[in-house]
Amino acid sequence: MIALTGHIPHQISVSAKIAPVASTETVHLSLVVNLDQNLMSQTLAQIYNSGDSLHRNFLTPAQFAQKFNLAQKRQALKSFAQASGLSLDFPDDPYSQVVHVSGSALAVENAFSVHLSYYRHPSGQVFRANDSDPMIPASLSPHLLAVLGLSNFRGAHKPHLFAPHPQLAAAIPGQVGAKTLSGMTGPGPGLSPSDIQSVYGLSGSLNGSGQTLALLELDGYSQSDISFYESQFSLPNNTPVTFTSVDGQANLCGPNQSDPCNSTTLNGGQPDEGGNPDNGMTEVAMDIEMMLALASGTSDILVYTALNANTNILDAYSLIASQDSAKVISTSWGEDEESAGSSFMASENTIFQQMAAQGQTIFSAAGDAGAYDASGMTNGSGQLESWDGNLLTDDPASQPDVTGVGGTSLSGTIGGAITESVWNNGCSTNGSQGTQCSANGAGGGGVANYPSTNWPLPTYQGVNTEYSSVNRNVPDVALNADPNSAPYSVYVGGGWVQEGGTSAAAPLWAALTARVNQLRSSEGFNPLGFANPTIYSLASGSSYNTLFNDITSGNNGYYSAGTGYDNASGWGSFKGNALINALSPLPAPQNVSASMIGVSSITWTWSPVVGVSSYNVYSATVSPAEFLANLPSSASSFTLTGLPANTTEALTIGAVNILGDQGVMNSPSDAVTLASQLTQNSNTPAEAVFSSSIAVTYAICSSCAGYLLETSTASDFTGVVTSSLTENTQLSSLALPGLYPETTYYLRLGALNWALSPNYISLSSTVTLTTPQPLQVVTSSGGIVSFLSHNGLVTLDFPPNALSESATVTVDTPSLSDLSCAMPPGKPMTDEGVGITVSLNPAIEPSQNVEISVSYANAVLPPGVQSANFLLARCDLNVGTWIPLISNSDASQDLVTAATDRFSAFEIMGIGTLAGSAQEIEISNNPIRPARGITDTTFSNLPANSSLTIYTISGLLVKKLTADSTGVAKWDATNSSGRMVASGVYFVLVRGNGTTKTLKIAVQR
């Protein structure tokens, strides 16, 4: 047999033993399951460690029960109880850590080797208790943590609320004069909901909509009081407030929780009840109304009401956890650790751990008796009879998985300057002044190191105060609690009262969290869950003073405020909207762009996101997006390497907050890697230089989408730049016309990617030639005349005896502007034209056709011109128009040939507008929706063999398609690399039958 320690109630040390308990008296017990604490620590670490794959994957009650073998452990406790002659009590909740049993006092004494006696407390209460710890078989120890109910002492938990002290001196010892907040608009005067929001920086439409909150209460309330409060401050008066009974407790008030919740009970009840006001009834009304003050839009406020006894209180917490209906819970009832005892606190702890694992947030008032909590002994009238001066923290605020809320005082003017200090209305350690801690009030806080509990320093806390770096420090946060400087207006018992205490601070923090969860839910994220890991992470960072009001003055009777964390005010009070935003998912990073692009790498940059903890980077080139990296908060760029040349890559970035939540990702940012650099062709002359043009040859590039030749008179290309561009990937030469003769030009050659971004190589500078003289040749017997023009070789093939006499043939390259012929229906290849003039002296015409071949090797083809449609035209000076000649176009030689028996000016014409027009194009499946099975779109009624070029909305080339002979083409929403494109709108440029048409098509992945 082994002992379950911590079960001897503190109350018997100050009570008189009266008699043994009757052996036939029925005793109800709560057997508390013993959970695997190693597994618990591992589970909570995974859930609240932002770097873990299970981060924020909260458990359901069923998952929690399965993970911790609740069914097996509960069955072990049931079997032991039944073997010991005890009966099982119902209801039996499979997700609860508590097994309810009952039996005679004799059976209980025999089962646990204890003696039960009656005791009389100094308050007059007669109660049952044990004077030794229960004994159990060693085999039961892994399953049984505690046996509650051996003692049935009632009323140990106190409401942490305070009314203004009418006799309180204006100047409080240890404080700087009176503390008064002016401008309060609530009755009394007191703080109204709008006052609270103004003081603590809350605005906007958030009101807790869609959220369910819970309160643990040990007294009742009147719905009419709540409705009047809502009406007074124009709050939505249909917010459900649902009474939830625990162990059959009715919604009743008074010292025994058995009287109606009305003004009679509130003001002292019946004479035999001592005539004391029902602080519990006021407590419950204040808790509900403070939640409504900041979260009036909640779906429901569940008021779990239990009898003020340890077993019933534990049942209430267990019910809140097993139902998991409310994600935010507040309690303003507590007792000092000395009175609570370690078995009860350990039992609470496992349930609070379950809440944390399930994503439930619980706030608890840290107490109103300063650093000494309720260490004074009170009589039946609530008057302090003795004070032992022990430094104590309050349970459950001191629990490591609960957020303890301390108290502050406000002074100044609402809407103006406001200062905040630690709430202390006379609590000190100077002799009898210690009694003022309970009488006048001060914010609770300290070190949770009472010997029977001795909570170790939690991992999340990690604060090193001057008081303890070993044990749990309390409180975690704070809020106004001083009834003498800024009380809250509370409607109870049909009238207005002004109240303070940490009882008001805890539900206000809970209401703020409802707003947080509302915003998180609207963006698809889980609730906040256990708040302390997040609060300490935020407060320890550089944004602390933008999120919290740091309380740096005052003390709570022993612990002094200071910069940052302290044991009098924790991290301080909240700066409402700022803290809500910090606890919510962050917006998408802005200004994401590819700032540096290489052949095999791209670097993206973005603007920093305020409050970011890290960045997640994904490739949006594939679907679904592929995770690439998690970057620190200092990052503002990311480089993707090992990419193929001339391929489109898309990146998307999400900002991660302190909770590990990734916010909305930015829209995919596309970029195209550069094509591989060109090399000059070593098999042919690299450059051909003329008086007004330069031509460059190069080796064809397999990864290129085109070529660009640029020249400038400045070596850094800051001067006038002339360029020549082609998307013909098979073209191995480019020419730059329109240059000045005898001028030094610097050259660079670019390989183009799909986005037409060049990857340059620098070429040597060169000097253009002087203006060429016309070629003059005397012929009469025929033969070939050759002339090197700006755009390539020109030949005239004279048949024998084509000329009747010897004549001088002059060949020149004029400008179109020098000719008197009107522009033809087609259009010339360049502004300078591609052609020659041929004249004879004497002016005789040949008797046979002369074959003329004109090259356009170094010319720039205009958009929409197809080489297969080139022809040679002659300027008829007599009529001033161009006459098309029957021509042969050889695209492989960049040559157009025609025959003529008349000499004049000749030009190559690129016919850009052909006869006919495109049919009405039809599109099916627009948009493409792969997730719904719509994987491609079909274009029909296209001109046969027409081309389709698909671009992003920003102009980046995605893919090229060709219609079949029936005028049909399909696109499967992939780029030229076969990867699924990102969601968005795309342009489709259709060219065919001499016409051009632009379409739009959307993709929704």
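This is a predicted model: local features need pLDDT of at least 70, side-chain atom pairs count only at pLDDT 80 or more; totals for chains, interfaces and linings use all residues.
User: What share of the residues count as buried?

Analyst: Buried means under 20% relative accessible area, exposed over 50%, and partly exposed in between (1.4 Å probe, protein chains only). The chain has 1005 residues, and the share of them that count as buried is 55%.

User: Where is N69, and is this residue buried or partly exposed?

Analyst: Phi of N69 is near 55 degrees, a positive value in a residue other than glycine. Most residues other than glycine have a negative phi. N69 sits in the loop between α2 (61-67) and α3 (70-83). Its relative accessible area is 42%, so N69 counts as partly exposed.

User: What is omega for the bond from N926 to P927?

Analyst: P927 is placed in the loop between β56 (922-924) and β57 (937-940). The bond from N926 to P927 is cis, with omega near 15 degrees.

User: How far from E348 is the nearest side chain of opposite charge?

Analyst: E348 lies in helix α11 and touches L314, Y317, D395, P396 and Q399, leaving aside residues up to four places away in sequence (contact: heavy atoms within 4.5 Å). Lys and Arg count as positive, Asp and Glu as negative, with His and the chain ends not counted; a salt bridge is a side-chain nitrogen of Lys or Arg within 4 Å of a carboxyl oxygen of Asp or Glu. E348 is buried and has no salt bridge. The nearest side chain of opposite charge is R472, at 12 Å.

User: How much space lies in the largest cavity?

Analyst: On a 1 Å grid over the protein atoms alone, a cavity is a set of points where a 1.4 Å probe fits but cannot get out, and lining residues have an atom within 4 Å of a point. Grid points are joined across faces, edges and corners, and a volume is the space filled by probe spheres set on the points. There are three cavities of 30 Å³ or more. The largest holds about 290 Å³.

User: Which elements give two or more residues to its lining?

Analyst: Its lining has 26 residues, with H7, P9, S151, N310 and A340 nearest the centre. The elements in question are β9 (144-148), α10 (337-340) and α11 (342-357).

User: Which strand gives the most to the lining of the second largest cavity?

Analyst: The second largest cavity contains about 100 Å³ of space. It is lined by 13 residues, and T648, D670, N975, V981 and A982 are the closest to its centre. Three residues of the lining come from the strand that gives the most, β35 (residues 648-656).

Methods
Residues are numbered from 1 along each chain as its sequence is written. Side-chain values use heavy atoms; hydrogens and water are left out. On a 1 Å grid over the protein atoms alone, a cavity is a set of points where a 1.4 Å probe fits but cannot get out, and a pocket is an open set with protein on both sides within 12 Å along at least five of seven lines; lining residues have an atom within 4 Å of a point. Helices (H or I, at least four residues) and strands (E, at least two) are DSSP runs, numbered from the N terminus.
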